Amino acid sequence: MKLKKECLKIFRDKYTKSDDEMLKAFFDPLSKFNDHIKSIERFELDKFRPLVNFLQKGTNIRDEESVKLLAWLIDFEPYRNWRCKDDSKGTGVPPGITEGEPEGKSEGTEDPRANEPQVPDQQSGWSRSIKRTMIFCITLFAVAGTGFFLSGGSRVGSIREPLSDEKCMYWTGEHYEPIKCDKSIKHADVMPLNLEMLYGLRRINATDTLTKYSLGKVWYSKIRGKHEFFTDSGTHPVEPNKRLKPLTNYILSNYVSYHRYLLTRLVWSIGIGIIVAVSIGMVYLFRRKNRLKSRIGSGMI
């Protein structure tokens, strides 16, 4: 039934007058109908069995009309050679070529490749664009997903060692950065270098990664109605009159959503899985289509 529906769909999408002979020979050899759609709709499903067995089991097809129908369905390029009969007024020779004389060859010269099977081009433009799209999507999701999974928690870039003449530091908004004392930073206070604070105090941006295991390892402060979390105790780097407090179960339960973090990871995992599955499916279908073309071109069916 699906094969019949596919024939109707292809007929509506790309039918031309040059398809009449092939369609009539397969669907209406006794000329019972004057309408191709009616002949396809009333075609017995059992007569599709050779095509179904070939597509599912790889069995050979001996009926020439079935081969032509299959080539028509998958838009196999050499199919146009069968359509040349109508275009060349029944001569069976492509337009512009003298009957009995091969294209590009002088009279009496035999083309040694004339009897070789036609093999479809495996590197068609369509296949290259599909491959590029799959590679781009997989690379994009792989890079983004890897970055997301590795960015969990409070990790930031490593703090560089201060130079011999860098005796001061300033808060970048994420961590302390060493600097020369005679330099000034816009919107930041320069303070004497403190190695313990330089290496130990960092702001935690991915707050949804905090769990009960963070208790005793994370500190927080409420600034202008917003909770900020840090990796060490001490005073707030921007509001030195406020001390950082140890993370509590109450703050963790009311201002941190670890479930939201897990949900985000789950969504990313599902997205990557779908992309990979679709890519594998497209590769499988593309290879299967090429195998069909190869079998038709090599005369195996």
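A salt bridge here is a side-chain nitrogen of Lys or Arg within 4 Å of a carboxyl oxygen of Asp or Glu. This is a predicted model, where local features need pLDDT of at least 70 and side-chain atom pairs count only at pLDDT 80 or more, while totals for chains, interfaces and linings use all residues. Residues are numbered from 1 along each chain as its sequence is written, and side-chain values use heavy atoms, with hydrogens and water left out.

The structure holds six salt bridges. One of them joins E228 and R203, at 3.9 Å from N to O. E228 sits in strand β6 and R203 in strand β4 (residues 203-204), so this pair ties together parts 25 residues apart in sequence; strands (E, at least two residues) and helices (H or I, at least four) are DSSP runs, numbered from the N terminus. At 11% relative accessibility E228 is buried, whereas R203, at 21%, is partly exposed; buried means under 20% relative accessible area, exposed over 50%, and partly exposed in between (1.4 Å probe, protein chains only).

E239 and R224 make another such pair, at 3.5 Å from N to O. Both are in loops, E239 between β6 and β7 (245-246) and R224 between β5 (219-223) and β6, 15 residues apart. R224 is exposed at 69%, while E239 is partly exposed at 25%.

Back in β6 (residues 226-230) there is also H227, which is buried at 14% relative accessibility. Leaving out residues up to four places away in sequence, H227 touches Y220, S221, K222, I251 and Y255 (contact means heavy atoms within 4.5 Å).

Then there is the open sheet of three strands, in the order β2-β1-β3 with antiparallel pairing; two strands pair if DSSP finds at least two bridges between them. β2 (176-179) and β3 (190-192) are the edge strands, each pairing on one side only. Four bridges join β1 (residues 168-171) to β2, and M169 stands opposite P178.

E177, at 17%, forms a salt bridge with R160, the closest N and O atoms being 3.0 Å apart. R160 is partly exposed, at 34%, and a network of salt bridges links R160, E166 and E177.
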